[in-house]
Amino acid sequence: MTTPREKVSITLPPDLAARARTASGGNLSDYATKALEEKLLADAMGEYTRLRSQDAIDDVYGAIEADAA
């Protein structure tokens, strides 16, 4: 079963469009889909890392406050 698709339109700089067409091997839609999935995953992982690092900092601040009390 194929995944449903939605047609969208994007505007790219000519040099990027040409390189993407070449790199896609003739299927620009699949290439763009994979690139967007990878970008969204990378962004989500970055946000997860950012949130986890805040937790660690909050733990350190909490320990400092406990020691000071």
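This is a predicted model: local features need pLDDT of at least 70, side-chain atom pairs count only at pLDDT 80 or more; totals for chains, interfaces and linings use all residues.
Residues are numbered from 1 along each chain as its sequence is written, and side-chain values use heavy atoms, with hydrogens and water left out.

Let me begin with the overall form. The secondary structure comes to two helices and zero strands; helices here are DSSP runs of H or I with at least four residues, strands are runs of E with at least two, and both are numbered from the N terminus. The chain has a radius of gyration of 21 Å, well over the 11 Å that the globule rule gives for 69 residues, so it is more spread out than a compact globule. That radius is taken over C-alpha atoms, and the globule rule is 2.2 Å times the number of residues to the power 0.38. Along its principal axes, the C-alpha trace spans about 65 × 35 × 20 Å.

How much of the chain is buried? Buried residues make up 4% of the 69 residues, where buried means under 20% relative accessible area, exposed means over 50%, and partly exposed lies in between (1.4 Å probe, protein chains only).

I turn now to the charged pairs. Side chains of opposite charge can pair when their charged atoms come close. A salt bridge is counted when a side-chain nitrogen of Lys or Arg is within 4 Å of a carboxyl oxygen of Asp or Glu, and the count comes to four.

Which parts of the chain does the pair of Asp 30 and Arg 5 tie together? Their side chains meet in a salt bridge at 3.1 Å, N to O. Asp 30 lies in helix H2 (residues 28–68) and Arg 5 in the segment before H1, so the pair ties together parts that are 25 residues apart in sequence. Arg 5 is exposed at 57% relative accessibility, whereas Asp 30 is partly exposed at 28%.

Another salt bridge joins Arg 19 to Asp 15, with the closest N and O atoms 3.7 Å apart. Both residues lie in helix H1, four residues apart, about one turn of the helix. Arg 19 is exposed, at 53%, and Asp 15 is partly exposed, at 47%.

In helix H2, Lys 39 and Asp 43 are likewise four residues apart, about one turn of the helix. Their side chains form a salt bridge at 2.7 Å, N to O. Lys 39 is partly exposed at 48%, and Asp 43 is partly exposed at 39%.

Val 8, Ile 10, Leu 12 and Leu 16 make a nonpolar patch of about 370 Å². Patches are made of residues with over 30% relative accessible area and no salt bridge; like charges are joined within 9 Å, and nonpolar side chains (Val, Leu, Ile, Met, Phe, Trp, Tyr) within 5 Å. Leu 12 lies in the segment before helix H1 (14–24) and is partly exposed at 36%. Leu 16 lies in helix H1 itself and is partly exposed at 35%. The C-alpha atoms of Leu 16 and Asp 30, 14 residues apart along the chain, are separated by 16 Å.

Note on methods. Accessible areas come from the Shrake-Rupley method with a 1.4 Å probe; for residues, only the protein chains shown count as cover.
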